[in-house]
Amino acid sequence: MELAIFLIFAVLAVLSAVVVIAHRNPVFSVLSLVVTLFSLAVLFVLAGSPLLAALQVLVYTGAILVLFLFVIMLLNVGREAASPGHVVQKWVAIAGSVLLAAAVVLLYVSTHIAAHAVPLSKQFVDLVPLARELFTTDLLPFEIVGLLLLAAVVAATVLARRPSPEEESEESR
Amino acid sequence: MSFEFWATLIKMVVWLAVLLNVTPIMVWVERRGSALIQDRPGPNRVGPLGLFQALADALKFIFKEDVIPTQVDRSLYLLAPLLALIPALTTYVVIPFGPQVMLHGHSVDLVVTTADTGVLLLLALASLGVYSLVMAGYSANNKYSLLGAVRASSQMISYELALTLSVVAVLMPVHSFRLDRVVEYQHQGAWLGFLPHWNVFPQIIGFVVFLVAAFAETNRLPFDLPEAESELVAGYHVEYSSMKFALFFMGEYMSMAGLSALLVTLFLGGWSFPGIAFTGVWWWVAIKGLAILVAKMAVILGLFVWVRWTFPRFRFDQLLRLGWKLLLPLAILNLVLVAAMTLGGWL
Amino acid sequence: MTVPVSWYLILSALLFALGTIGALTRRNGITIFLSIELMLNSVNLSLVAFARTAATRYGHLQLAAAYHGKLIVFFVLAVAAAEAAVGLALFIAIYRNRRTIDVNRMNLMRW
């Protein structure tokens, strides 16, 4: 049962990832990324962290990708035209990435890393110890991330706003 | 198949039966309720008191010509109405409709899943509702649809924040994400000796924030600018006809029902009612719990209809200003107050 | 049958490679950004997979390692959100000035 769920969602994740990188229209890329991230959330549940799965769907697919869609629709980014040229770069990139993945997979397979897994225990999946860890041992990173998010909000607001009329006349002078 | 499997399946069927009946009943309530408020008769020809009006509407939708405009992006256009239903249909899995019962020697929790991530699961699935709007608006290749879709999705994600913060405040005294624990917390004791131990009394600010945010999440008046008939020519719905439009319609009513169920569970005591004991045969307990929950949901859905026909709608910038500058600070204030009260031992 | 953890790691490597290919071959800035997000998520998957290996041991230190793994994913999620917001704001600013998102046209710093 677990194997069936893993295979279905792993294949779904890979197929939609291919659509993300290959489709001409960026809106379809974003929607395929939604499918990929949702499949990854299911895999997170299988691997024993339902909290991260819920957070992934809530934060990543529910907010970040919606933001991507907004920007695409706001800027009216159209279909990417097929481009001539840079063929060599494309094939070098593809070959390099495939080599990298193959090297990593070879590393995992040859060292038999984590080849077996014991079924999950309640203790492992439990939310309370994780939360306790977050708010006691890892409190400093938590607060720093909060500060980072504040900085990001300020940065995004400043970068994306229209220059006010005084600034425009300032620049054109 | 094991006992667990069959029990879960039956619970899901019970909930589906409730949810699928919401739309026809709400259509009637909406039309007769609006007629009452506007001092006119409303539908009264199809069956006694116009009760079969929803059936007539459904037949109309089925027989209407299914037009697919040529300029639309077909795959997204056809997928969007289906996606409108999925979040609405999955959010009921963590809402309890009764206490634990004993059945054939097994103890069964009257909730479809007792996952530890409880309400977080519900919020995560509900946040996927934005995509059907966006896909509908974008695929139609039409200025008005796109504008409606962008407005609707920015409205939904803005009010999700206030919604989530008011939910978090409720979870603090309960020390768990699970909604069945939330209802158990509200089932015992009383405030000031006579009020039921519901969360609405100490957390009235959170209740109001959740209610307003629920109106905005479901695109109901006074926040329905993205889909108003007199504004953007029905906004992101404009290119849809017959059954596809009916699917959007159903999705909206079902998500209203889902959010009402969440509101009732978090703030108004869920399946519990002071004075009614939940002892006895397992099916009697389940029926009592479900009936009380549905009755409370009906009150809130009536409130939805009442508010719709009473208030004028918000302009879009007023809407966003309300969400970010009023509701979010109020939700944070509520959170701080509840944290203080929990630490002080009053909750 | 329990899924061996190495399968999660292999899937993560595959998604990372796909993300890299997307980031290096596409011209549209937003699609490059999406491929980078794909890479971030593949790394999240491998972190969760490595945290999963701690389920075999019940000692206090090993469980703490598992929780640390999951908390790293939590922080990565938050940082990715911040990065997406700032990156998209940058794209809006660039589009306003250059009227295009094609990264081949952003060549002011080329000699």
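## The model and its confidence

This is a predicted model, in which local features need pLDDT of at least 70 and side-chain atom pairs count only at pLDDT 80 or more, while totals for chains, interfaces and linings use all residues. Residues are numbered from 1 along each chain as its sequence is written, and chains are lettered from A, with ligands numbered from 1, in the order in which they are written.

The predictor's confidence in each residue is called pLDDT and runs from 0 to 100. For chain B the mean pLDDT is 87, with 97% of its residues reaching 70 or more. Helices (H or I, at least four residues) and strands (E, at least two) are DSSP runs, numbered from the N terminus.

## How the chains meet

Two residues are in contact if their C-beta atoms, placed from the backbone, lie within 7 Å. Of the 2 pairs of chains that touch, chains A and C have the most contacts, whereas chain B and chain C do not touch, their nearest C-alpha atoms being 14 Å apart.

Between chains C and A, 64 residues of chain C are in contact with 72 residues of chain A. On the side of chain C that touches chain A, α1 (5–25), α2 (29–52) and α3 (60–98) of chain C each supply at least two residues, and α3(C) gives the most, with 24 residues. The residues of this side of chain C comprise 48 nonpolar, 11 polar and 5 charged, where Ala, Val, Leu, Ile, Met, Phe, Trp, Tyr, Cys and Pro count as nonpolar, Asp, Glu, Lys and Arg as charged, and the others, Gly among them, as polar.

Between chains A and B, 15 residues of chain A are in contact with 18 residues of chain B. On the side of chain A that touches chain B, the elements giving two or more residues are α2 and α3 (50–75) of chain A, and α3(A) gives the most, with 12 residues. By class, this side of chain A has 13 nonpolar, 2 polar and no charged residues.

The axes of helix α1 (residues 2–22) of chain A and α1(C) come within 9 Å and cross at roughly 10°. That makes α1(A) roughly parallel to α1(C), a description used for angles under 35 degrees, while those over 145 count as roughly antiparallel, 65 to 115 as roughly perpendicular and the rest as oblique. The contact of α1(A) with α1(C) has 14 nonpolar, 1 polar and no charged residues.

## Buried positions

Helix α2 (residues 26–46) of chain A has 21 residues, and 18 of these 21 residues are buried, so α2(A) is largely enclosed by the rest of the structure. A residue is buried if 20 or more other C-beta atoms lie within 10 Å of its own, exposed if 12 or fewer, and partly exposed in between, with C-beta atoms placed from the backbone.

In chain B, Ala257(B) lies in helix α9 (residues 242–267) and counts as buried, with 27 C-beta neighbours inside 10 Å. Not counting residues up to four places away in sequence, Ala257(B) touches Leu19(B), Val22(B), Met297(B) and Leu301(B).

How values were computed:
Axes fitted to C-alpha atoms, helices over the stretch in contact; angles between N-to-C directions. Expected span 1.5 Å × (residues − 1).
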